[in-house]
Amino acid sequence: MKKAIFRADASLEIGSGHVIRCLTLADTLARRGWECVFAGVSECRDIVPRLRDGSHHFVELEEEEQKDPTAILMLGHADLLVIDHYALDAAYETSCRKVASHILVIDDLADRLHDCDMLLDQNYRQSDLGRYSGLVPQSCLLRMGPKYALLHPDYARIRAEIQPRESVRRLLIYFGGADLADMTGRSLRAALSLERVELMIDVVVSLSSPNADEIQELAGRHPNVSCHNSLPSLAQLIAASDLSIGAMGATSWERLCLGLPTIGVTIAENQDDVAAELRSAGLINWLGEKDNVSEARIADAIESSIGLVKLRDWSQRCMQICDGLGTQRVADDLVALAGRS
């Protein structure tokens with residue numbers, strides 16, 4: 001049996017995206033007979049409940065072990081080590097080669113050296129030419145763009161049944177597992193301020209969010225609002241929605257895959273470049289960074305989208321970017337890579 005170790009963290013500060021996309025890849029490898037082990041901070045299991053269900057073994061790292069490869073070395077030989085962590089670089093990766101036959105790095109910053117056999121950057125850019133030149137070994141396999149986005153299998157399956165949106169009747173609000181800026185609450189209040197009782201609103205909020213109780217209480221006062229948490233996948237909600245409001249992290253590729261027009265807000269500095277690229281391509285309505293986005297601006301954006309004549313064109317453009325088969329492509333490459341050892 002092949003073994004893969006995943007090194008990724010989740011917290012209220014950094015959100016859940018790194019761990020969730022690694023879980024998607026781990027599930028796919030597990031279906032192919034691999035054993036998958038996760039190593040991360042204790043908070044991971046609070047932010048991502050899936051880590052508590054026993055599907056994959058979880059190793060809790062103490063604070064002093066987070067940047068120290070010793071904990072990984074103690075896990076023994078692995079056919080593959082997957083590192084999805086902005087704070088780790090080539091020094092850490094090289095040390096891990098004592099036990100890892102191959103290393104996959106998941107990154108999108110391109111701001112540090114890596115010692116890896118494959119690098120995945122699933123973000124959309126009009127040109128990726130030379131982005132990691134000099135930052136990875138010459139032999140490193142580069143997998144770039146939403147073609148390789150690590151999406152749950154539901155997305156490729158549902159995509160075949162999706163029709164481009166014609167009008168806005170259902171709105172989805174989702175800002176990830178942390179949302180310390182309470183963009184979820186801000187967006188919900190903005191949508192409700194329009195007093196469009198015919199507009200159905202789905203709000204997804206993590207129970208670990210400090211604003212969860214307030215959002216649930218607000219949702220409960222409005223019959224057109226449904227509140228969701230602990231979902232295995234957003235695919236069904238995205239497919240059922242006509243418009244979304246959300247952050248510009250990993251969920252961007254899920255929305256694009258299913259053709260969902262999005263009002264985007266960046267909640268971290270590293271999302272700005274991606275948001276700018278997507279806006280330039282006519283794929284999102286980017287309102288800017290969270291600190292500069294008021295409830296009034298969100299309300300105006302929703303109202304404008306509801307009256308948009310070319311909503312269908314927007315939806316069709318989104319679907320051209322990502323087909324939902326990225327996880328299978330990456331898994332195929334990793335299985336082939338492991339077979340060479």
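The crossing of helices α1 and α13 is right-handed, a crossing being left-handed if the near helix is turned anticlockwise from the far one by less than a right angle, and right-handed if clockwise. In this predicted model, local features need pLDDT of at least 70 and side-chain atom pairs count only at pLDDT 80 or more, whereas totals for chains, interfaces and linings use all residues. Residues are numbered from 1 along each chain as its sequence is written, and side-chain values use heavy atoms, with hydrogens and water left out.

Helix α1 (residues 17-31) packs against helix α13 (residues 326-338) at an angle of about 60 degrees, and the two axes are 10 Å apart. Helices (H or I, at least four residues) and strands (E, at least two) are DSSP runs, numbered from the N terminus; axes are lines fitted to C-alpha atoms, for helices over the stretch in contact, and angles run from 0 to 180 degrees between N-to-C directions. The helices α1 and α13 are therefore oblique to each other, since angles under 35 degrees count as roughly parallel, over 145 as roughly antiparallel, 65 to 115 as roughly perpendicular and the rest as oblique. On the α1 side, Thr-24, Leu-25, Thr-28 and Leu-29 meet Thr-327, Gln-328, Val-330, Ala-331, Leu-334 and Val-335 of α13, contact meaning heavy atoms within 4.5 Å. This contact of α1 with α13 comprises six nonpolar, four polar and no charged residues; Ala, Val, Leu, Ile, Met, Phe, Trp, Tyr, Cys and Pro count as nonpolar, Asp, Glu, Lys and Arg as charged, and the others, Gly among them, as polar.

Thr-184, Gly-185, Leu-188, Arg-189 and Leu-192 of α6 make the contact with Glu-214, Ile-215, Leu-218 and Ala-219 of α7. The residues of this contact divide into five nonpolar, two polar and two charged. Within α7, Leu-218 is buried, with a relative accessible area of 13%; buried means under 20% relative accessible area, exposed over 50% and partly exposed in between (1.4 Å probe, protein chains only).

The crossing of α6 and α11 is right-handed. Here Met-183, Arg-186, Ser-187, Arg-189, Ala-190, Ala-191 and Ser-193 of α6 are in contact with Glu-295, Ile-298, Ala-299 and Ile-302 of α11. By class, six nonpolar, two polar and three charged residues form the contact of α6 with α11.

One aromatic pair is found in a search of the whole structure. Rings of Phe, Tyr and Trp (its six-membered ring) pair if their centres lie within 6.5 Å; planes under 30 degrees apart count as stacked, over 60 as edge-to-face and the rest as tilted. The pair, Phe-6 with Phe-38, is stacked, at 4.8 Å centre to centre and 10 degrees between the planes. Phe-6 counts as buried at 0% relative accessibility, and Phe-38 counts as buried at 2%.
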